[in-house]
Amino acid sequence: MAQLSLQHLDKIYDNKVQAVYDFNMEVKDGELIVLVGPSGCGKSTTLRMIAGLEDITNGKLLLDGKDITAAPPKDRDMAMVFQNYALYGHMTVYENMAFSLTLRKEDPNVIHKKVLAAAEILDLTSQLNKKPSQLSGGQRQRVAMGRSIVRSPKLFLFDEPLSNLDAKLRSSTRREILLLHKRLGATMLYVTHDQTEALTLADRIVCMSMGHVQQIGTPLELYDTPANLFVASFIGLPPMNFFQVLVSGDHLISPYFTVTMSPEQKQLLAEYQGKHVTMGVRPENIQEGGDIPVNVSDNENLGMNTLVHGHFKTGEAESRVTCKFKGWCDYKKGDVVQVSFQKMHFFDQTTGNRIVKS
Amino acid sequence: MNDARVNKLETADDKYVRVDRMRYEKNKLSSTLAILAIVWNALFFVSIYKSDVGVWYYSILVGASIVYNLLFMMIVFLISEGSKSYKINYSYVAIVVGALQFVRIFIYPRLAHAAQTQATGEIVQVMKTPQYVRVVVYLIASGICLIASAVIGIQKCTALKKHMGQMQGSKA
């Protein structure tokens, strides 16, 4: 197990493109950190810098207090699991899992014990004599993980390991990774663009955009108190609805609706009286029943929930909205549903940051 | 006895693990020895027909020798692959083919070494002693490799079979 400290990490490529800006984080022993963000946000680059596959332009990387900023990958005692598994096709599962230890010239009997133990953990014992081409995607990914486990590294790095799997397999393999983390108690860094993976796996999430860290926090913190508009829009499925509202007295006024503020909201937005703010409402925080009319465009039944896509309308102006209602609904295009907002988030229009009590 | 040597003594657990490894590891030693037998035979094959003394080799035997060498290479390659995956029958075939390598010493090399012919007005040996020794060494090396491959293969196959039997028994 290991503690990792990332201090002011920058990555600037030779063509002067900066992929990561001033990345700071302390990873605690046994923690599972998920780096999440859209494609090109710098999350994989950060992971590769930690693994030593990319040079660190500025900053320091400490593992258990030891500076490994310039250490070659082989000396970092980390194991990386890639999206495309990176298994050797001509070797059996056993040989693939034993390969890194064979290169280190470890005792063959010790290698054997370690491989069998890892195979047992990953339920691969019956597959050890097979070639990767004879395995399913999920099994191949388990082999890739097994190859990491046998090394007993200080740190596990996962670079979008589930992206090549279908939805059902992704869900079961995700659970296996979670169980593995609990069983090994290992420190893990996991990169994904899938927020479901991030929310279900992480002890803490690092949300990134355009090379900048937007927020670091527990899944609940990111969901409940997003630091800015980007995090609010990225975390949550379907994404949060945003409206421009005017803070006026006890009311929030938009062209489509007027909402009366609670005393807490009034206190929170005291400095914004007479100004516009961005109001965010998650689809699941919009409930049927209320005085705000939504014109239904279409209806998606998901079994337990129904997603209702619609819009607010005033004259020519329109604003799209997505609502997530409990149960099975049968709204049709053109229906009008009366709704109310249960929980609202407020963001400064200039900075995009969450408005917090001063 | 120093510590390093003490550590090398095999415990019962080590022995169990060593045999258990065979369930997943290929019998590379037997396989490599079989391939080595092909290499030695190839050296024999390219050396045997070198002669400066006319047409002594031009008989039906040279054709048979070429065909046997081709068959040998093919069969021993199959032995190499078979013994790699602990198939004991291939090891038995290896013993036969290995023994034949020793028999071959008494066919071409011996006949050619004993034969004399007339060249440039003189009576000379068809195969001089240095060449004879060389090709005999190649054949012996090839035969030894094959028999060693077979013995190791049989030992490992038997041990693995016994181990698997014990595992089946303990599961039942």
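Q: At what angle do helix H2 (residues 93–103) of chain A and H3(A) pack, and how far apart are their axes?
A: Two packed helices are described by two values, the angle between their axes and the distance between those axes. In this predicted model, H2(A) and H3(A) pack at about 135°, and their axes are 10 Å apart.

Q: Which word describes H2(A) relative to H3(A)?
A: Angles over 145 degrees count as roughly antiparallel, 65 to 115 as roughly perpendicular, under 35 as roughly parallel, and the rest as oblique. The angle of about 135° therefore makes H2(A) oblique to H3(A). As for handedness, H2(A) passes H3(A) in a right-handed crossing.

Q: Which residues of H2(A) and H3(A) make the contact?
A: From H2(A) come Tyr94(A), Met97(A), Ala98(A), Leu101(A) and Thr102(A). From H3(A) come Ile111(A), Lys114(A), Val115(A), Ala118(A) and Ala119(A). Sorted by class, this contact has eight nonpolar residues, one polar and one charged.

Q: How do I read the contact between chain A and chain B, and how many residues does it have on each of the two chains?
A: The size of an interface is often given as the accessible area lost when the parts come together. Here we count residues instead: eight of chain A are in contact with six of chain B. On the chain A side, helix H3 (residues 108–121) gives the most, with four residues. That side of chain A has three nonpolar, four polar and one charged residues.

Q: How do the axes of H3(A) and helix H2 (residues 12–21) of chain B cross?
A: The axes of H3(A) and H2(B) cross at roughly 70° and come within 9 Å. The two helices are therefore roughly perpendicular to each other. Their crossing is left-handed. On H3(A), the residues Pro108(A), Asn109(A), His112(A) and Lys113(A) meet Asp14(B), Val17(B), Arg18(B), Asp20(B) and Arg21(B) of H2(B). By class this contact has two nonpolar, two polar and five charged residues.

Q: What is the order of the six strands in the open sheet of chain A?
A: Strands of a sheet pair through backbone hydrogen bonds, either parallel or antiparallel. The order here is E6-E7-E8-E3-E9-E10 in chain A, and the pairing is mixed. E6 (78–81) and E10 (212–217) stand at the edges with a single partner strand each, so one side of each has no neighbour in the sheet. From one strand to the next, the twist averages 15°.

Q: In which sense do strand E7 (residues 155–159) and strand E8 (residues 187–192) of chain A pair, and over how many bridges?
A: E7(A) and E8(A) pair in the parallel sense, over five bridges. Leu155(A) stands opposite Thr187(A) in E8(A).

Q: What do strands E16(A) and E17(A) form?
A: E16 (residues 305–314) and E17 (residues 317–326) of chain A pair in the antiparallel sense over ten bridges. They form a hairpin with two residues between them. In the turn, Gly315(A) has a positive phi of about 60°. Phe312(A) stands opposite Ser319(A) in E17(A).

Q: Into which domains is chain A divided, and where are their bounds?
A: Domain 1 covers 4–234 and domain 2 covers 241–347. Their C-alpha centres lie 39 Å apart. Four residues of domain 1 are in contact with four residues of domain 2. The domain 1 side of that contact has three nonpolar residues, one polar and no charged.

Terms used: Residues numbered from 1 in each chain as written. Chains lettered and ligands numbered in written order. Predicted model: local features only at pLDDT ≥ 70, side-chain atom pairs only at ≥ 80, totals over all residues. Domains from an automatic or database assignment. Contact = placed C-beta atoms within 7 Å. Nonpolar A, V, L, I, M, F, W, Y, C, P; charged D, E, K, R; others polar. Pairing = 2+ DSSP bridges. Axes fitted to C-alpha atoms, helices over the stretch in contact; angles between N-to-C directions. Left-handed = near helix turned anticlockwise from the far one by under 90°.
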